[in-house]
Amino acid sequence: MRRVISVLVAVLLLCGVGYAVIRSIDPPGVTTAQVRVLIGSEKAEFFNDPEVIEEFKAKGFEVKQQTTGSWTMPTANLDGLDLAFPASRGPAEDIKKNKGITAEAVTPFYSPLVVIAHKNAADALANANLATKGTGPVPWKLQMQPYLDKVRTDTKWTSLQGAAATGELAGDIYLTTTDPTTSSSGALHLAAVSYLENGERVVADDAALAKVGPLLKKLTDKQGDQKTSSDGPFKDFLSGVGNPLVLVYESQVASLVAHGVSTGDLVVLYPDTTVSSDHTAVGLTANGRQVADLLKDDPRLRELEAKHGFRPQADPAAFGKALAGHSDPTFATELSAAGIKQAPVASVAMLGKLVDAAKGK
């Protein structure tokens, strides 16, 4: 009898374990479809968030992500993938063209490009009228034309009032950006600079390209080796190494703040003329298109997007809600109200020429 009871107990335990495993795979009544997504590194934290994973699972999807630079996606091997999700519209349009996709791509959220600095560097810029200091809800702003003038003349940090007292502010004044041949943020920065250098007109022909090319090359040459994705320069800055001024996505900083992570004396400076990165999802399969639509339409996912620093297109107030109660560093809740202009981006073909000019090709 004891042996029979032991066997029955063992069987019941095994059944219980099996049921638990089944429950962990799919909630009751939900069949999970695996969806493979190619993203830029700036969205990896979002897709790895357990709350995001659970929300997709509740909607019937298990999303598996892999990363690459946004501008390498059009030439990447997309076989076996359901969704390509670069950080800007240019690569997305190239993917659509290469794959013969006629359906409209989805832009669930966006993030403007901003500059991060430590307080001493921001103060030095303000002393030289290269930046305006934010007060209360008004953010810091980088004055782009005066900044570009300093780049042209190879101005050094030590020439700015207050900079010489801090040993880390040395060398030429310039922004660290990513490699524009692989990364969306680096390419979009060239689009903004070329727009300003061309008299606030989009570069649309070879004459304008020749006009802006020397400044783009100077900006690139000053940096030396460039990282292939936005994650690299951002982590370098947070660890206390690298250039005093770094171009990043607003979302990278806002995510830390929304999650209660201290950023020390980090200052966010909004270029007075910048470019927003429109994260654009191209569905390669029916399941991929459904996931793209969820990213745009699902209220819970929009809430989590804002928590990770992105600005949901369908819910403009979500970004401010995610940062409510956090006042340092200061973010621009509404870009237009803060006087931050958006530079139009050149065509994909011309942007490729701008990148070549920056690289001296």
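Helix α7 covers residues 184–197, which makes 14 residues in all. From its first C-alpha to its last it reaches 20 Å, close to the 20 Å expected at 1.5 Å a residue, where the expected span is 1.5 Å times one less than the number of residues. Helices here are DSSP runs of H or I with at least four residues, strands are runs of E with at least two, and both are numbered from the N terminus. Is α7 mostly covered or exposed? It is mostly covered, as 14 of its 14 residues are buried; buried means under 20% relative accessible area, with exposed over 50% and partly exposed in between (1.4 Å probe, protein chains only). After α7 comes Gly 199, which has a positive phi near 70°.

A word on what you are looking at: this is a predicted model, in which local features need pLDDT of at least 70 and side-chain atom pairs count only at pLDDT 80 or more, while totals for chains, interfaces and linings use all residues. Residues are numbered from 1 along each chain as its sequence is written, and side-chain values use heavy atoms, leaving out hydrogens and water.

Now step back to the chain. It has 14 helices and 12 strands, and its C-alpha atoms fill a box of roughly 90 × 50 × 35 Å along the principal axes. Of its 361 residues, 51% are buried. Contact means heavy atoms within 4.5 Å, and among contacts between residues at least 6 apart in sequence, 76% join residues at least 24 apart.

Next, look at how helices meet. The axes of α6 (residues 144–152) and α8 (residues 206–221) come within 10 Å and cross at roughly 75°. Axes are lines fitted to C-alpha atoms, for helices over the stretch in contact, and angles run from 0 to 180 degrees between N-to-C directions. Tyr 147, Leu 148, Val 151 and Arg 152 of α6 meet Leu 215, Lys 218 and Leu 219 of α8.

A second pair is α9 (residues 231–238) and α10 (residues 250–258), whose axes come within 10 Å and cross at roughly 50°. These two helices are therefore oblique to each other. On the α9 side the contact is made by Asp 231, Phe 234 and Leu 238, and on the α10 side by Gln 252, Val 253 and Leu 256.

How values were computed. Angles under 35 degrees count as roughly parallel, over 145 as roughly antiparallel, 65 to 115 as roughly perpendicular and the rest as oblique.
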